[in-house]
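Student: Hi, could you walk me through this one? I have the sequence and the model open.
Tutor: Happy to, let's take a look together.

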Amino acid sequence: MAGPFDASHTIEDRNDVFRVFVDSEGSRLRKVLVARYGVEVGGDVYADTIAWAWQNWLKLSAMTNPIGYLYRVAQSSARPHRRWTRRNTFPAHIPERWHLDEDPTLFESLRSLPDAQRIAVLMVHGHKWTYAEVAEVLECSVAAVTNHVHRGLGTLRSQLAQEEL
């Protein structure tokens, strides 16, 4: 990503660099926010966060981990969405467009996981991210992500095994 801009850069240059950033990093951020907050709140929080990024682009473009910073901005943005609208962060029921033909209890099991475990499991196993990529966005260590994935999968296995009994 480009560093801070100086007087030699035009507004069009700044706009182009921002668009490239949103195209490449924005989709990664959206996936994490949907894994954390669900489709409805995650989408709203993503839009708020991208608006903040545009308003603060000069500051953001100089950062070493802008996607991690934006994740923290998104957490702050999510508070009013969750508090004022009383929406669940992860859907309370299976959306119609989800196809969980093999095991519909997987959705409920995912919903019951703590947020950090659900995010880590969905990003690593659902979106094929590396542990390092998840750690970068969540601004935690790879070891923490490893623990979240391991514990989350363990909980899912035990819950799904109990359902079979």
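Tutor: One term to begin with: contact means heavy atoms within 4.5 Å. Among contacts in the protein chain between residues at least 6 apart in sequence, 67% join residues at least 24 apart.

Student: Before we go on, what kind of model is it, and how are residues numbered?
Tutor: This is a predicted model, where local features need pLDDT of at least 70, side-chain atom pairs count only at pLDDT 80 or more, and totals for chains, interfaces and linings use all residues. Residues are numbered from 1 along each chain as its sequence is written, and side-chain values use heavy atoms, with hydrogens and water left out.

Student: Thanks! How many helices and strands does the protein chain have?
Tutor: Eight helices and zero strands. These are DSSP runs numbered from the N terminus (helices: H or I, at least four residues; strands: E, at least two).

Student: And what share of the residues is buried?
Tutor: Buried residues account for 38% of the 165 in the protein chain. Buried means under 20% relative accessible area, exposed over 50%, and partly exposed in between, with a 1.4 Å probe and protein chains only.

Student: Which residues touch the most other members of the largest nonpolar core?
Tutor: That core has 36 residues, and Leu29, Val32, Leu33, Tyr71, Ile119, Met123 and Val134 touch the most other members. Helix 1 (11-37) is one of the elements giving two or more residues to this core, and its eight residues are the largest share. A nonpolar core here is a set of buried Ala, Val, Leu, Ile, Met, Phe, Trp, Tyr and Cys residues joined through side-chain atoms within 4.5 Å.

Student: What does Val134 touch?
Tutor: Not counting residues up to four places away in sequence, Val134 touches Ala120, Met123, Val124, Trp129 and Val145.

Student: Switching to helix 5, which of its residues are buried?
Tutor: Phe107, Ser109 and Leu110. Seen down the axis of helix 5, they fall within an arc of 165 degrees (using directions from the helix axis to the C-beta atoms), so they line one face of the helix.

Student: What does the side chain of Ser109 make a polar contact with?
Tutor: The side chain of Gln159, at 3.3 Å. A polar contact is a pair of N or O atoms within 3.5 Å; within protein, one must be able to donate a hydrogen and the other to accept it, and residues adjacent in sequence count only if both atoms are side-chain atoms.

Student: Last one: is Val149 buried or exposed?
Tutor: Val149 is buried, with a relative accessible area of 2%. Val149 lies in helix 8.
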